[in-house]
Amino acid sequence: MDNQQMAIPSGSVSLSTPPAAQHKYEFFKVVQGYLDEAARVIELPEYIKTILSQPKNEIIINFPVKMDDGSVRLFKGYRVQHNNLLGPYKGGIRYHEGVTLDDVKALAAMMTWKCALMNLPLGGGKGGVKFDPNGVSRQELQRITRRFFHSLGNNIGPDTDIPAPDVGTDAKAMAWAVDTYMNTVGSLFRQSVKGVVTGKPVAIGGTLGREKATGQGLVYCIQEWAEERDFPLGGATLIVQGFGNVGSFTALILSKLGASTVAVGDHTGYLYNPEGFNPHKLQDYVKKNRSIAGYPGGKPISREEFFKLKADIFIPAALENQIGVEEAKNLQVKMIAEGANGPCSPEGEQILIDRGIDILPDVLANAGGVTVSYYEWVQNKRSESWSLEEVDTRLEKAMKRAYREVVEMSRQRKCSMRIGAYAVALQRIAAAYGEREIFP
Ligand code: NAD
């Protein structure tokens, strides 16, 4: 986030219509449905499914913040700790006006599967604060962040629960978070708690390669998919929904492989450019202006038109439940790589599968972010700093191994890649419960 508060120039892009859902979307129920299905596929012991069907802790904090005009506003923050069998809870913090406990529970559960799939010694958690980060000043954003992390107190910690950036938060927010936490533990421990959050700026203990990690991981999966099919990424076209951290880095890294982004969209609208956008320029523009609104290099189109465009690859990199029945019927792509968490509704996914459109599922495809977060945490613990090459090499190996495990599982059990990803993760979790059994 930067300093400026931006007014969206009206008429510069067409405004997006609301996402697919006409009715209330119960994200946690959707994720539980996948858990049930994968549990059946691998015959998961019933007691393990029961434990995993609810988070361990659901923390809700109402905290006051003094705004620039002197008024006091009460904010609602959440931290859901889903499971810590394999290690400390791990997962991002979302700032968005639509944040609900249900979403955070769903996202926290997905972090448990993601960390298990990637074989990381971490569990699953997620947090959020319900407000529009574009509607406050930078100073207010800093006070909201600091007060929220202070309120979380000992619920988080480098060996307990480790937040990271998600929608609406970035490295700067993590810098305020770690500084706040360090100031609560006393001078003897300050240096040993750096790992309380990941996704920090490199200057204060972040790792090289974290900012682009989710996009980079997504591209490693897309490369595996392309290789399996002999599909040339050079000359391929993509459309990208959400041009924040995940969307912009995915477009940028794919452009280095010769693929071009012909349409982009965000919360302000959608733009089309058949010649291909320059992802560097667009990323710089969004960093400055907080959205694609007013970007001169494309023609405004509607959300409906965006979903009907012909391209090879679709990268959803915004929010959940963006591809419902209508969008799934309209999409003219060969493959969808889920940068966002939960972008397909189950009904949308079924239509895509029936239409032969491949889906690289979120739990696998966007796991590069948490994987490099883990590398950051390890570096903090060991007081090391790895080169970008080392981070990328490890990430590539980890993503490609997970990709092959998921493909293998879905072939063996004749299930979708999403259920395959859940199944690999659940087998790892089941093995750990099997060894430890239940206390007392
Ligand atoms: P971000 O805040 O950097 O970007 C979010 C983007 O989504 C912005 O471009 C925003 O304008 C757009 N958006 C918001 N509401 C929209 C709407 N209604 N319609 C269209 N676009 C909309 O967030 P991010 O970190 O890039 O996260 C994007 C997605 O990727 C989320 O689902 C997140 O959970 C997931 N994810 C992020 C990471 C990470 O490392 N940051 C890791 C794994 C998964």
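I looked up Tyr374 and Tyr375 first: both are buried (under 20% relative accessible area with a 1.4 Å probe, protein chains only; exposed is over 50%, partly exposed in between). The model is a predicted one, so I kept to local features with pLDDT of at least 70 and side-chain atom pairs at 80 or more, while totals for chains, interfaces and linings use all residues. Residues are numbered from 1 along each chain as its sequence is written, and side-chain values use heavy atoms, without hydrogens and water.

**Rings**

I found 18 aromatic pairs in the structure (Phe, Tyr or Trp ring centres within 6.5 Å, using the six-membered ring of Trp; planes under 30 degrees apart are stacked, over 60 edge-to-face, the rest tilted). Tyr374 and Tyr375 make a tilted one, 6.1 Å between centres and 55 degrees between planes. Tyr374 also pairs with Trp377, again tilted, at 6.1 Å and 40 degrees. Trp377 is buried, like Tyr374.

Elsewhere I noted a cluster linked by ring pairs: Phe63, Phe75, Tyr95, Phe131, Phe148 and Phe149.

**Charges over rings**

Arg394 lies over the face of Trp386, 4.1 Å from the ring centre (the cut-offs are NZ of Lys or CZ of Arg within 6 Å of the centre and within 35 degrees of the ring normal). I also logged Arg418, whose charged end is over the Tyr34 ring, 5.2 Å from its centre.

**α14 against α15**

Helix α14 (388–412) packs on α15 at about 105 degrees, axes 8 Å apart; axes are lines fitted to C-alpha atoms over the stretch in contact, and angles run from 0 to 180 degrees between N-to-C directions. I call α14 roughly perpendicular to α15 (65 to 115 degrees; under 35 is roughly parallel, over 145 roughly antiparallel, the rest oblique). Contact residues (heavy atoms within 4.5 Å) include Tyr403 and Val407 of α14 and Ala421 and Val424 of α15.

Which bond is cis? I found it joining Phe439 and Pro440, omega about 5 degrees. Pro440 is in the segment after α15 (417–436).

Glu437 is in the segment after α15 as well, with a positive phi near 60 degrees despite not being glycine. Glu437 is exposed, at 58% relative accessible area.

Arg290 has a positive phi too, about 70 degrees. Arg290 sits in the loop between α8 (279–289) and β9 (299–301) and is buried at 13%.

Terms used. Helix = DSSP H or I, 4+ residues; strand = E, 2+ residues; numbered from the N terminus.
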